[in-house]
Amino acid sequence: MVETIRQPRSMYDFKPDESLEPAEMYRQLVEAARALTDGESDEVANMANVAALIGEFVPRLNWAGFYRVIRNGTEKELVLGPFVGRPACIRIPFGQGVCGVAAASGETQLVADVHAFPGHIACDAASQSELVVPVIRGGEVMAVIDCDSPELGRFSEQDAAGIEALAALLSDRI
């Protein structure tokens, strides 16, 4: 006798209402991330779930995910972490490209036109604008959250504030 195991339709259904104002959408995104990461100590699992949430919540993206800070001897570099989207660059030196500048400076990078950004690294030719927010713990950048869009000027200060709130939540969860 073979028993059939039934999978639940969806354990986590966090799809937001598309008519939400950005501030409310980001509030709900942070709350969903809090619920999914609360009590979970595995950094990769937390980044994977949050990358999926960003992909579900934030409209008009073609890539969303993490680059983790890895020490290579005395140097630091960014290494690809969990993401949603097309295959991406695996390693990015600190100070290079939008992600590398965010990691080196510890500051959010809001780029309306990636082609106008000096030293932009084109992982996906469809990307036109980018938002990169560092995740900081104890004054040190641990990772960056990278969001790309195929639309010029896609990201606003509201988007930056929303992803910064997410990064603050994740500072002790990744």
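**Entry 1: S2 and S3**

I looked up glutamate 77 and found it opposite proline 93 in S3. The model I am reading is a predicted one. Strand S2 covers residues 75-85, and its pairing with S3 is antiparallel, over three bridges. I noted for myself that strands of a sheet pair through backbone hydrogen bonds, either parallel or antiparallel.

**Entry 2: the loop between S2 and S3**

I then went to isoleucine 90, which sits in the loop between S2 and S3. Is isoleucine 90 buried or exposed? Its relative accessible area is 54%, and the cut-off for exposed is over 50%, so isoleucine 90 counts as exposed. I also checked what isoleucine 90 touches, leaving aside its neighbours within four places in sequence: the contacts are Tyr67, Leu78, Val79 and Leu80. Tyrosine 67 is 23 residues away from isoleucine 90 along the chain, and their C-alpha atoms are separated by 8.6 Å.

**Entry 3: the whole sheet**

In what order do the six strands of the open sheet lie? I read the order as S3-S2-S1-S6-S5-S4, with antiparallel pairing. The edge strands are S3 (91-93) and S4, each of which pairs on one side only. From one strand to the next, the twist averages 25°.

**Entry 4: S5 and its partners**

I followed S5 (residues 129-137) next. Seven of its nine residues are buried, so S5 is largely enclosed by the rest of the structure. With strand S4 (residues 109-111), S5 pairs in the antiparallel sense over three bridges. Valine 111 has glutamate 130 in S5 as its bridge partner. Glutamate 130 also stands opposite aspartate 148 in S6.

How many bridges join S5 to strand S6 (residues 140-149)? There are nine, and this pairing is antiparallel too. S5 and S6 make a hairpin with two residues between them. In the turn I found glycine 138 with a positive phi of about 60°.

**Entry 5: helices lying across the strands**

Helix H3 (residues 97-105) lies across S1 (63-72), S2, S3, S4, S5 and S6, and runs at about 30° to S5. Which residues of H3 are buried? I listed Gly97, Val98, Cys99, Gly100, Ala102 and Ala103. These buried residues pack against S1, S2, S3, S4, S5 and S6. Just after H3 comes glycine 106, with a positive phi of about 70°.

Helix H4 (residues 157-170) lies across S1, S4, S5 and S6. H4 also runs at about 30° to S5.

**Entry 6: H1 and H2**

I finished with helix H1 (residues 22-37) and helix H2 (residues 43-57). Their axes come within 10 Å and cross at roughly 155°. Angles over 145 degrees count as roughly antiparallel, and H1 and H2 are therefore roughly antiparallel to each other. The crossing of H1 past H2 is right-handed.

Which residues of H1 and H2 meet? On the H1 side I wrote down Met25, Gln28, Leu29, Ala32, Ala33, Leu36 and Thr37. On the H2 side they are Asn46, Asn49, Val50, Leu53, Ile54 and Phe57. Sorted by class, this contact has nine nonpolar residues, four polar ones and no charged ones.

Definitions and conventions: Residues numbered from 1 in each chain as written. Predicted model: local features only at pLDDT ≥ 70, side-chain atom pairs only at ≥ 80, totals over all residues. Heavy atoms only, no water. Axes fitted to C-alpha atoms, helices over the stretch in contact; angles between N-to-C directions. Helix = DSSP H or I, 4+ residues; strand = E, 2+ residues; numbered from the N terminus. Parallel < 35°, antiparallel > 145°, perpendicular 65-115°, else oblique. Left-handed = near helix turned anticlockwise from the far one by under 90°. Contact = heavy atoms within 4.5 Å. Nonpolar A, V, L, I, M, F, W, Y, C, P; charged D, E, K, R; others polar. Buried < 20%, exposed > 50% of the residue type's maximum accessible area, 1.4 Å probe, protein only. Pairing = 2+ DSSP bridges.
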